[in-house]
Each structure stands twice: as structure tokens, then as C-alpha cells.
Amino acid sequence: MGGKRKKRDARLYAGSGKVEEIARAAAELNAACVVFNHELSPAQGRNLEKELNRRVIDRTELILEIFSQRAQTSEGKLQVELAQLQHLSTRLVRGWTHLERQRGGLGKTGGPGEKQIELDRRYIAQRSGF
């Protein structure tokens with residue numbers, strides 16, 4: 001689906017009319033996800049997922065997924081995993097809004113706890129050696 005715009009839409013990358021067209025096509029095809037042949041900002045990816053009600057994959061994520069499936073050596077697999085974690089780390093914001101804050105343990109009914117995003121960032125940092 002091609003389309004020409006003078007300026008990219010900051011919120012959705014594509015215009016709202018094009019996003020509606022993509023949504024209709026995805027629904028007709030019962031598509032599990034939609035792939036964009038451009039790099040999307042984290043916010044654009046989230047906004048598109050909300051509008052399309054489907055997983056949205058940008059060019060970088062698709063390339064990393066292909067590399068992860070093709071990597072054969074341990075070193076290659078680790079390099080791809082590191083690249084995927086680095087890419088994912090920029091996309092964590094509001095990814096777990098349904099959890100907002102975890103509750104404290106040991107019979108406590110509340111408490112600040114750690115946000116899921118903090119846990120995810122720590123996991124990525126430990127896994128990637130940052």
C-alpha cells in the first residue's frame with residue numbers, strides 16, 4: 001500500500017486515512033500483525049497497535065527477528081539477542097500499563113513496589129551487560 005505525503009504524521013507515521021485502509025485490509029486478511037517497511041518510533045508503534053488492534057512490527061524489528069532465526073553459532077545468537085534487547089529497551093514505556101505498580105509482599109496490602117518497567121529494564125541490563 002503506497003502513499004505519498006509531504007510530511008510524516010508524528011503520531012501514526014502514516015495518515016489517519018491510510019491507517020484506516022490498513023486496518024480494513026488487516027481485518028479482511030485476518031492478519032496477526034502489520035509490518036511497516038520503515039523504522040517507527042516507540043510511540044508510533046504503540047499508537048498504531050492501538051489503532052489497528054494488532055501487533056505492529058517495524059523494519060528493524062523484522063530484520064532482528066530474521067537474524068535471530070538464522071543465527072547458528074552461540075556468538076551469533078548472543079549478538080542478535082543483544083541487538084534485540086537494545087531495540088526493546090527503547091520501547092518499554094507504557095508496555096505494561098495494566099500492571100502499573102506491583103503490590104508489596106508478605107501480607108502487605110500496598111507499598112510502592114517496583115514498576116514493571118523497572119523490572120524489565122533491570123532484566124535487559126543484566127542480560128545485555130549494561
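Which residues of α4 are buried? I kept this question open while noting how the model was made and what the chain looks like.

**Entry: ground rules.** I am working from a predicted model, in which local features need pLDDT of at least 70 and side-chain atom pairs count only at pLDDT 80 or more, while totals for chains, interfaces and linings use all residues. Residues are numbered from 1 along each chain as its sequence is written, and side-chain values use heavy atoms, with hydrogens and water left out.

**Entry: the chain.** I looked up the elements (DSSP runs, with helices as H or I of at least four residues and strands as E of at least two, numbered from the N terminus) and found five helices and two strands, in the order α-β-α-β-α-α-α from the N terminus on. Of the 130 residues, 25% count as buried, where buried means under 20% relative accessible area, exposed over 50% and partly exposed in between, with a 1.4 Å probe and protein chains only.

**Entry: contacts.** Taking contact as heavy atoms within 4.5 Å, I noted that, among contacts between residues at least 6 apart in sequence, 42% join residues at least 24 apart.

**Entry: helix α4.** This helix covers residues 74-89, has 16 residues and reaches 22 Å from its first C-alpha to its last, close to the 22 Å expected at 1.5 Å a residue; the expected span is 1.5 Å times one less than the number of residues. To return to my opening question, the buried residues of α4 are Gly-76, Val-80, Leu-85 and His-87.

**Entry: Ile-66.** I placed Ile-66 in helix α3, residues 59-70, and its relative accessible area of 39% makes Ile-66 partly exposed.
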